[in-house]
Amino acid sequence: MKLPPVLLAALLLSQSWAFEFIIDGEWESEMMSDHVDHFDSSRIRRGLVTSEEEEDFEAIRGSDITVKSYTVESRITARFAHTTVKSSVVNSGPNAQSIGFNVQIPKRAFITNFTMNVNGITFIGSVKEKTVARNLYAQARARGKAAGIVRTNSQDMETFKTEVHVPPGSKVEFELHYQEMMQRKLGTYTHTLHIQPGRLVPQLQVDVYIFEPKGIKFVKTPSTLGEHFAGLTKVTQTKEKAHVVFKPTLQQQRKCDNCTESAVDGVFTVQYDVERETNAGELQVSDGHFVQFFAPSDLTPLSKNIVFVIDVSGSMWGLKMKQTVEAMKTILDDLTMDDYFSIIDFNHNIRCWSEELVPGTSINVREAKKYIQNIKPNGGTNINEALLKAVRILLKALDQGLIDQRSVSMIILVSDGDPTVGEIKLSAIQKNVKREMREEISLFSLGIGFDVDFDFLERIAMENRGLAQRIFANHDASEQLKLFYSQVSSPLLRKITIQFPEDSVSDVTQNHFDKFFSGSELVVAGKVKSVGSNMLQSFTTASAATMDLTLDTEADLQELDTLLSQQQHSFAGFASRMWAYITINQLLAERSLAPTATKKRKITQRIMTLAVEHQFVTPLTAMLVESQDGPERLLADSPKDPKQGCCPGIGPAARTNVHFVSSNPPSQPPWVKHTTTQGPSQAKAPHVTVVENDPHFIVHLPKNNMDVCFNIDSKPGHILNLVSDPGTGIVINGQLVGGKKMKNNKLNTYFGTISIYSEDAGVKVVVRPSRIDLMEGKNNHSFSWAATAKLNLNRVKVAIEKEHRITVTIDDKISAMVLLHRVWKKHPFNVDFLGFYTPNDNQYSSQVHGLIGQFVNEPEVKVFDMHEGTEPEKKQATMEVKGNKLTVTRGWQKDYRNDKKHGSDVYCWFVHNSGKGFIDGHYSNYIVPDLNSFLPSL
């Protein structure tokens, strides 16, 4: 394969124009190298990369020029950024000269337009297939008139360059547009803008507008431009919007008070994150497209099985090895007792610190750190055997059942060079590793410096469910290694699939992901079909540390477009652009691994069609920049690496066909939904026992065919035992919370927390109006009420209905439901509270007790001597129960299963004095010290 594509341009000018463009670079004759092996290009490219890194960068180049203005504006809407860079320059010298316009842009960005005005002649860009660019470039070279726009590589950026030769007094205006999807790493989106005008500028301004429909959690502006500009960045933030502005005056730009040099030379950084109501994700619909963001938190990390494969060949000698060892010490300290690991170091030989995986105990970590400290680099590089050895160590542990089935297995390769010993053909190594690998294992590749074929590392990682990253061999290489590890060190979920109802969407991007790492984000996009509904639902399934879960969310099809139309600085077309952006990146990744030339050509055609339609400059398209009034043309294309995907987890190995699901909510036991009879708000016998409001108990006695009610008048903070069954190991307790203030000289109390604990299963579910916590041993998971979810733990099933109720089922024998009640936030007395419902057919043991549990062993009840009471509509009677004769009143309480606002009436006999005589003992006997407490014998 020849040189990769570089940004090139051709300008056809008549001899009358007094300016010309300068050529820099050569055209690649690939179109599109579909028949060429793709393992031979990187050595040629590296020379260009290193020279670029050594070059002093200036946005505007030229002597005796005046930069009138330099402005940068970014509009970020729902994680999609559109950036515009503008500059106005005048050739103020006495001679004709070349003026350069250079912009460093993120590698993951696509240029969407470039406009230039030279002495009133305007050139406007449009994206075409690259074959057009080849032909026009050849014509321009034949005429001796050619333009150069070159993008080259640096650490995280690529450089857009152009030069125009103009006579004295000429005014040139440049304008570049590019777009990118923000990537979330370690809980933060980071937007970087290189601000390097190279001189003092009268009008220098940076504006970043952020609009996030679900709310902005925080906005930070680290001082990456230096302390010289501390305090000059202004941030204005509301719930959904933020505006960041940097506008130094001419004096503030100076390096010193009397200096003529500018101190503005570096990266302007904006960091932010968004509010997340729920672990189910954020579903946005706009302009006929949808985007689903998935970034759950408050989940227990999965345990890890890691084999570190470290290159110790001679080329690693010195700073590279020193910094690798330093990073490895920190990484090893991060391992926990639940993690398993080993270390392979290789040159022309393969050595293992341990032939088997060992737990991450302090002793093992200490011994491993001693081992790597004593490594002395020398010899050649046998990547093939080192990787195969790592795979076999993991496979042995998997086959022998030595590691948790829900754990994550990964290989982390650190190397600085190409193979020189053993199998040295890169395509053969790739096939060998792919053949040995299983889907449970991921490969992460870290390439140090520029002597390693990074394209190969990317392909082998992508094909095996991993990622690759270049580590730059400088003073902070150790920090780069540690930063990469921190991004993959905390896997929260495995086997994630985001699905949609059948016939509701089309053209969906990758929706199955191998892993989700804490602090990152998974993104799925697609087109919305017109199906007559005004809502779109998504269903996410995944496997966590101790459970399988299903999460539901939904979005209104029109709501966001209405909101965007009211925003001055939002980006209205973000959803369709983001869909195209993700789709093209995934196709580029798929193209790099295409097994045949035919397959590669088909993918190439799809990429070109999409890129032209959405005006993205990709490795397979070019930008045609034409003057409005004449035949002048400038052409630019991109060398952006076609093997680099846009997002973690993206790659053809991870792509699956999109599966569709029904839109039904999680299944619930039949008793959860209440059936009412015909008539005014009167319910059939509910066949459940209920605790509602402040708190009212409704105990259903099926043998007696009646309901008995009583209140408990206790104090806020008290924990009441509802069910205590040592035989099954189940305890259900509720903690009272008080109202905001007294009403009629009485402070009402409600259940503010309900805990359902299975001692035998080791699972506790704690429900509050604010959140739902699941605990299994040392594993803790939190969920909000803002999404529907279904969770399958060991012996315990949990179904959450959005802002409504949660049902807990243990061993398919015992179930309970907690109902959420929200009140008006400004209500003078009431607070959010919980209701409790449980069926009468739960299979408790004979030892069960508690305020509710005692009635599993139903007492005999007789009601007689019915007569008029003090209130005409409430009759009184005598109840004989448990050897007591009680005066009871006929009344009703509410069952809110079907109607949370009004409820359904349940008629019952009310027992006064906190159930005295109906319950065993006094109600105070049921107050327990904590939520896990079983009830002592009464």
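Tutor: First the rule for rings: those of Phe, Tyr and Trp (its six-membered ring) pair if their centres lie within 6.5 Å, and planes under 30 degrees apart count as stacked, over 60 as edge-to-face and the rest as tilted. The model is a predicted one, in which local features need pLDDT of at least 70 and side-chain atom pairs count only at pLDDT 80 or more, while totals for chains, interfaces and linings use all residues. Residues are numbered from 1 along each chain as its sequence is written, and side-chain values use heavy atoms, with hydrogens and water left out.

Student: OK, how many aromatic pairs are there in the whole structure?
Tutor: The search finds 21 aromatic pairs. One of them is F80 with Y581, whose ring centres are 5.8 Å apart and whose planes stand at 80°, so this pair is edge-to-face.

Student: And which elements do F80 and Y581 lie in?
Tutor: F80 lies in strand 4 (residues 80-91) and Y581 in helix 11 (residues 574-592), so the pair ties together parts that are 501 residues apart in sequence. Helices (H or I, at least four residues) and strands (E, at least two) are DSSP runs here, numbered from the N terminus.

Student: F80 and Y581, buried or exposed?
Tutor: F80 and Y581 are both buried, where buried means under 20% relative accessible area, exposed over 50% and partly exposed in between, with a 1.4 Å probe and protein chains only. Ring pairs also link F80 and Y581 with F110, F571 and F616 into a cluster.

Student: Switching to cysteines, how many disulfides does the count come to?
Tutor: Taking a disulfide as a pair of cysteine sulfur atoms within 2.5 Å, the count comes to two. C256 and C259 form a disulfide with their sulfur atoms 1.8 Å apart, and the link is right-handed, with 95° about the S-S bond. C256 counts as partly exposed, at 35% relative accessibility.

Student: What about C709 and C908?
Tutor: The sulfur atoms of C709 and C908 are 1.9 Å apart in their disulfide, and this link is left-handed, with -120° about the S-S bond. C709 lies in strand 37 (residues 706-711) and C908 in strand 52 (residues 904-911), so the pair ties together parts that are 199 residues apart in sequence. Both C709 and C908 are buried.

Student: Which pattern do the disulfides of the chain follow?
Tutor: With bonded cysteines counted along the chain, the pattern is 1-2, 3-4.
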